Amino acid sequence: MGTMWRRVLLRCLLLLAIPALLVLVAWLPQGDVADCGSTFFPCVTTYWRRPPVVAEKELAPPLIHECPDQLFQTWRLLHFLTLSVSVGNDILLEPYLQSWDQLILFMESLGPVVNFFSQKVSDKVALIRQLARQHQERGPESGAYRSVRSMVEAELKEGVVHFSRHTDSGCRTLLRLHRSLLWLALTLDGLTHTPDALGRLKTPGELSREAYQTALAPHHPWMLRQAAEFVFLALPDREHFLRLVCVQSQQEAEPVLRVIIRALQLVYSRTQRILEQNGMLELP
């Protein structure tokens, strides 16, 4: 009996140690751009990062309100998502990254356990901005990182994208953000679903787990999938999510969330099409 309990205790300790080890790895000092961004050696945000541009609140649609005393603003996210949608089925890159600035604030508002994932996203946003700045320094006429399509075309032309090995290209980094965008969009969409036959609404943790299984889990190793389980358990309740979008009830939240979800879906579908046309949906 003593041996059995020791094995159970050891197994529990190992499970509890996983997120701590991952967080420790995430914060270890990193090398240069070529050393970071892989699954086991995520970047630390040491790259140049442009301060988020603050949109005017008068641009918010009537349905969405300014939410006092919080950094994340739903209307500001919608503003940058809308700005990113370009003519010609393209996505403007800087407004796209500014949308991620807002989504990072959203994730950080969910508690410290989520910070591990928000940090990885923040590093990817910073890396693309650094690549854009480096390219811009070659000549003011350069517009390679103006949009998703122009970045894809430029990086393919320069040979920095490889389809059989890992490179820290903007395209590969964008693909990781793209998958995470689907995860967030599916989670928010779940918050609009009606109760089940027993009148029960799924918790944000359950919704996030289901979205993760669809969008991210197929691309993550076992260790990261286990760490994600701790995040789902630690997510706040539905009321916390409603407060983040500055509404008082589920009924009031649904039209607000659907506006955001439609904008996310449009950005996602356009990005998906560009990546698919260039065979980049499975970059290593």
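Before we set off, one term: two residues are in contact when they have heavy atoms within 4.5 Å of each other. Helices here are DSSP runs (H or I, at least four residues), strands are runs of E with at least two, and both are numbered from the N terminus. Bear in mind that this is a predicted model, where local features need pLDDT of at least 70 and side-chain atom pairs count only at pLDDT 80 or more, while totals for chains, interfaces and linings use all residues. Residues are numbered from 1 along each chain as its sequence is written, and side-chain values use heavy atoms, with hydrogens and water left out.

**The whole chain**

Start with a cartoon view. You'll see 10 helices and 0 strands. Buried means under 20% relative accessible area, exposed means over 50%, and partly exposed is in between (1.4 Å probe, protein chains only). By that rule, 49% of the 284 residues are buried. Among contacts between residues at least 6 apart in sequence, 69% join residues at least 24 apart.

**Helix 5 and its cover**

Select residues 148-158, which make up helix 5. Its buried residues are Val148, Ser150, Met151, Val152, Ala154 and Glu155. What lies over them? The cover includes helix 3 (93-108), helix 4, helix 6 and helix 10. Step just past the end of helix 5 and you land on Gly159, which has a positive phi of about 75 degrees.

**Helix 4**

Now pick residues 115-136. Helix 4 has 22 residues and runs 31 Å from its first C-alpha to its last, close to the 32 Å expected; that expected span is 1.5 Å times one less than the number of residues. Because 17 of its 22 residues are buried, helix 4 is largely enclosed by the rest of the structure.

**Helix 7, one face in**

Next, colour residues 204-215. Helix 7 has 12 residues and reaches 16 Å, close to the 16 Å expected. Pro204, Gly205, Leu207, Ser208, Ala211, Tyr212 and Ala215 are buried here. Look down the axis of helix 7: the buried residues fall within an arc of 160 degrees (taken from the directions from the axis to the C-beta atoms), so they line one face of the helix. An α-helix has 3.6 residues a turn, so residues three or four places apart point the same way. The buried residues of helix 7 pack against helix 6 (170-190), helix 8 (222-234) and helix 9 (238-244).

**Into the core**

A nonpolar core is a set of buried Ala, Val, Leu, Ile, Met, Phe, Trp, Tyr and Cys residues joined through side-chain atoms within 4.5 Å. The largest one has 72 residues, and those with the most contacts inside it are Tyr96, Trp100, Phe106 and Met107. Helix 10 gives the most to this core, with 12 residues.

**Val267**

Hop to Val267 in helix 10 (residues 250-277). Val267 is buried, at a relative accessible area of 0%. Beyond neighbours within four places in sequence, its contacts are Leu81, Ser84, Val85, Ile91, Tyr96 and Leu181. Thr82 is 185 residues away from Val267 along the chain, yet their C-alpha atoms are separated by 8.5 Å.

**Last stop: cysteines**

How many disulfides does a search of the whole structure find? It finds 0, a disulfide being a pair of cysteine sulfur atoms within 2.5 Å. Select Cys67, which is buried at 9% relative accessible area, and then Cys246, buried at 17%.
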